[in-house]
Structure formats: C-alpha cells, structure tokens
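Biologist: Could you take me through this model? I would like the conventions stated as we go.

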Amino acid sequence: MDYKLRRAVENDKLAICGLFNEMIWSIYKEVNREPYADDYLESFFVDDSKVIFVADSPAFEHIIGYISVIDHIDHLYIDDFCVTEQCRCAGVGTSLLHVAESFALGHHIKKVALHVEESNKAAQKLYHNRGYDIYSRDGNRIRMIKWL
Ligand SMILES: CC(C)(COP(=O)(O)OP(=O)(O)OC[C@H]1O[C@@H](n2cnc3c(N)ncnc32)[C@H](O)[C@@H]1OP(=O)(O)O)[C@@H](O)C(=O)NCCC(=O)NCCS
C-alpha cells in the first residue's frame, strides 16, 4: 500500500475526527460519543509535547490512519490510534507505532504506554506482538507498556 507518514497539520482535523469516530465505532459499536472537543484536538497543534502522526495515501486521497501521542517526559503516552477499516491488517498501524516510538527515542524517552480496552483483543494482539506487555488493569482497560 502506498502511503506517507507525516506530522498532522490543522487541515487534517476533519479527517482525524472521522478516524476518531471509526475508532469509537470499532471499539464500542457506538456512534453517539462526543467527538473531540475542538480545543482538545487544537492542543496537538500548539503544544510541543503533543503530536499527531498520520498515514497519508494518495491512492485513497485522504488520511488512512493516525496516532496521537503525548510526551509525559518519563514516558510517551499513545492517546488515540486508528487505521481506516479498509486499510487494516496491511502494516499501516505498525508503521504508525514505529513513528511514535522513534519520536519517543528522539526525545530521549525510553518507555511507551497506552490503554487498550479489555474487549479489544485484536489491538491487544498487535501490541503484544510488537513488544508491549501488560502493566496493570484499570477497570475495563488494560495499561500496556514497552521499554524501547
Ligand atoms: C489497531 C489498528 C490501529 C491496527 O492497525 P493495522 O493497520 O490494522 O495494523 P497492522 O496491519 O500493522 O497490524 C495488524 C495486526 O493487528 C491485528 N489486527 C488488527 N486489526 C485486526 C482486526 N480487526 N481483526 C483481527 N486482527 C487485527 C492483526 O492480527 C495483526 O497482527 P500480527 O501482524 O501481529 O499478526 C487498527 O486495527 C484499528 O484502527 N482498529 C480499530 C481501532 C482500535 O482498536 N485502535 C486501538 C485502540 S487501543
């Protein structure tokens, strides 16, 4: 699949919101959740410690995936992560994870953390196979970490 990985720009906000909704649908089978509050998404474009990376595909003429990360100094937190359904299982998600991990290393951060729903077995498998281990259970969510 032909795509480029790059940092998101403000013009990508609409596409990112669409992918956010796809993520919510995939995980919760719900459509009635609040999308990003505009100031929350905005914070990724004004705060150096928050970054979104996107996979941009000319073939699909739009963004096919994104990962948002937050620099917590002692660890990088993966906030949201989604690849559009028709492009899944083709390595795009893994590439986005690698970009996030490279970003962490570039900022001298050696630990990456995330939460995944207990019910989201596909994502758990992906993380496990990419070196993430279960750290704790927080209600219905599992916290996983990877040391880089
Ligand atoms: C998780 C997600 C971002 C992965 O993106 P992707 O492009 O499909 O990932 P890759 O192609 O690089 O890797 C696919 C891996 O994930 C697994 N996987 C991902 N989605 C899957 C699905 N729907 N069903 C079965 N396996 C799936 C595959 O088994 C594969 O694992 P393996 O290569 O170790 O065998 C994508 O599936 C997605 O957007 N899911 C819905 C939203 C979500 O769950 N986000 C994560 C929140 S914590």
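Modeller: I begin with burial: a residue is buried if 20 or more other C-beta atoms lie within 10 Å of its own, exposed if 12 or fewer, and partly exposed in between, with C-beta atoms placed from the backbone. The model is predicted: local features need pLDDT of at least 70, side-chain atom pairs count only at pLDDT 80 or more, and totals for chains, interfaces and linings use all residues. Residues are numbered from 1 along each chain as its sequence is written.

Biologist: What does Ile-145 touch?

Modeller: Leaving out residues up to four places away in sequence, Ile-145 touches Lys-111, Val-112, Ala-113, Tyr-132, Asp-133 and Tyr-135. Contact here requires C-beta atoms, placed from the backbone, to lie within 7 Å. Lys-50 is 95 residues from Ile-145 along the chain, and their C-alpha atoms are separated by 18 Å.

Biologist: Which way do the side chains of β7 point?

Modeller: They alternate along β7.

Biologist: Which strands does β7 pair with?

Modeller: Strand β5 (residues 111-117) runs antiparallel to β7 and is joined to it by 7 bridges. Strand β6 (residues 133-138) is also antiparallel to β7, through 5 bridges. Pairing requires that DSSP finds at least two bridges between two strands. Within β7, Trp-147 is the bridge partner of Lys-111, and Arg-143 is the bridge partner of Ser-136. The β6 and β7 hairpin has 2 residues between the strands, and Gly-139 in the turn has a positive phi of about 65°.

Biologist: Changing topic: what surrounds the ligand?

Modeller: The ligand has 20 residues around it, of which the closest are Arg-88, Gly-93, Thr-94, Ala-122 and Leu-126. The criterion is a C-beta atom, placed from the backbone, within 6 Å of the molecule. By class, this shell has 12 nonpolar, 6 polar and 2 charged residues. Ala, Val, Leu, Ile, Met, Phe, Trp, Tyr, Cys and Pro count as nonpolar, Asp, Glu, Lys and Arg as charged, and the others, Gly among them, as polar.

Biologist: Which elements supply that shell?

Modeller: At least two residues each come from α1 (13-28), β4 (76-83), α3 (92-106) and α4 (121-129). The most come from α4, with 5 residues.

Biologist: And strand β2, what are its partners?

Modeller: Strand β1 (residues 4-7) pairs with β2 in the antiparallel sense over 4 bridges, and 8 bridges join β2 to strand β3 (residues 62-71), also antiparallel. Ala-55 in β2 stands opposite Leu-5 and opposite Gly-65 in β3. Strand β2 (residues 50-57) is mostly covered, with 6 of its 8 residues buried.

Biologist: Finally, how many helices and strands are there in the protein?

Modeller: The protein has 4 helices and 7 strands. Its radius of gyration is 15 Å, close to the 15 Å that the globule rule gives for 148 residues, so the protein is as compact as a globular protein of that length. That radius is taken over C-alpha atoms, and the rule is 2.2 Å times the number of residues to the power 0.38. Of the 148 residues, 27% count as buried.

Note on methods. Contact = placed C-beta atoms within 7 Å.
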